[in-house]
Amino acid sequence: MDVKQILKEQNFRFNKQFGQNFLTDRELLNDIVSDAMVQDGTVLEIGAGAGTLTRELSSRADKVIAFEIDRNLESVLKLTLADCPNVQVVIGDIMRYKMSEIEVLCGGAFKLVANIPYYLTSPLIMMFVEKSANVQSMTLTIQKEVAERLAARPATKDYGAITVAVNAVADVTLTRILNRELFYPIPNVDSAVVRIDINRNKYDIPNKALFRKTVKTAFAMRRKTLVNNIMVGFKTDRAAAESVLCSMNLPLTCRGEELSVEQFVALSNECEKRGFN
Ligand code: SAH
């Protein structure tokens, strides 16, 4: 099956706005499905494109629910997925669906697999991290820099609020780097594949809203100390902010980016004890 030929015959025009950069190399697509550890079960794919990844997923999963925002790809997907009866294509914008609607379509535990545009990366990850009870893992082909941020270690320039937010409830593995030339058309950045394994019992975070605020606060001004950021974010005086760090045996000069995810959990719990909000 020649996908490029089908796209041509269907007069398909790439839409930059939707971040359309397709993967066609079967070996690579297979490797991504292996990275996702799909052996059976249900897969939710976001951004089916021309259905190349969808086909590989279909050959290994029991059921694939594939969202695609671009109505102009509907006729292409009808052709490329004609022999894949376990695929259900949903034409629509994933961000406009309620999590409950997505979970009804999936009908139980599922793995998310997607090659997604840059603009969608953070909102999509946070949507599933925060709202989905049934997502087991997310294997995402994303911009290399974002992948590195998700997998970053503390005290590095890549370590930030999204690193902590995701690693508080999941384990992140960067599985492969993809040269930009593997995509059609060729984008102007390289990509990487990350697998985010959801593990909601990793830490005990009783007040999730406060945890989110603590992380946001600590990284609000990266060049300022954690004490300074706490004073601004939680509207406290210096003594109150310093007392939090003292109780955690942290130096008063430390910066948010030096804290491990575990220390962020402890920091958030200390803030809660003190009634910060
Ligand atoms: N999975 C395919 C396509 C990747 S390109 C492949 O690997 O070849 C990303 C796809 O996501 C595009 O087809 C684009 O139209 C689609 N897309 C972009 N935003 C979307 C959204 N909000 N909801 C669903 N699909 C979206």
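**Note on the predicted model and its ligand site**

1. A polar side-chain atom of D93 lies 2.8 Å from a nitrogen atom of the ligand, a polar contact being a pair of N or O atoms within 3.5 Å. Taken alone, the ligand exposes 570 Å², and the protein buries 100% of that; accessible areas come from the Shrake-Rupley method with a 1.4 Å probe.

2. The structure is a predicted model, in which local features need pLDDT of at least 70 and side-chain atom pairs count only at pLDDT 80 or more, while totals for chains, interfaces and linings use all residues. Residues are numbered from 1 along each chain as its sequence is written, and side-chain values use heavy atoms, with hydrogens and water left out.

3. A backbone N or O atom of G47 is 2.8 Å from a ligand nitrogen, and an N or O atom in the side chain of Q20 is 3.0 Å from a ligand oxygen.

4. The ligand is surrounded by 21 residues, the closest being G47, E68, D93, N115 and Y119; a residue counts as near if one of its heavy atoms lies within 4 Å. By class, this shell holds 10 nonpolar, eight polar and three charged residues, with Asp, Glu, Lys and Arg taken as charged, Gly among the polar residues, and Tyr among the nonpolar ones.

5. The largest cavity is the space taken by the ligand. A cavity is a set of points, on a 1 Å grid over the protein atoms alone, where a 1.4 Å probe fits but cannot get out; a molecule sits in it if more than half of its atoms lie within 2 Å of its grid points.

6. The count of salt bridges comes to 15, each a side-chain nitrogen of Lys or Arg within 4 Å of a carboxyl oxygen of Asp or Glu. In one of them, E56 pairs with R26, the closest N and O atoms being 2.9 Å apart. Because E56 lies in helix 3 (residues 52-60) and R26 in helix 2 (residues 26-35), the pair ties together parts that are 30 residues apart in sequence. Helices are DSSP runs (H or I) of at least four residues, and strands (E) of at least two.

7. The peptide bond from Y184 to P185 is cis, with omega near -10°, and P185 is in the loop between strand 8 (183-184) and strand 9 (191-198). A155, in the loop between helix 7 (144-150) and helix 8 (161-167), has a positive phi near 65°.

Methods:
A polar contact is a pair of N or O atoms within 3.5 Å; within protein, one must be able to donate a hydrogen and the other to accept it, and residues adjacent in sequence count only if both atoms are side-chain atoms. On a 1 Å grid over the protein atoms alone, a cavity is a set of points where a 1.4 Å probe fits but cannot get out, and a pocket is an open set with protein on both sides within 12 Å along at least five of seven lines; lining residues have an atom within 4 Å of a point.
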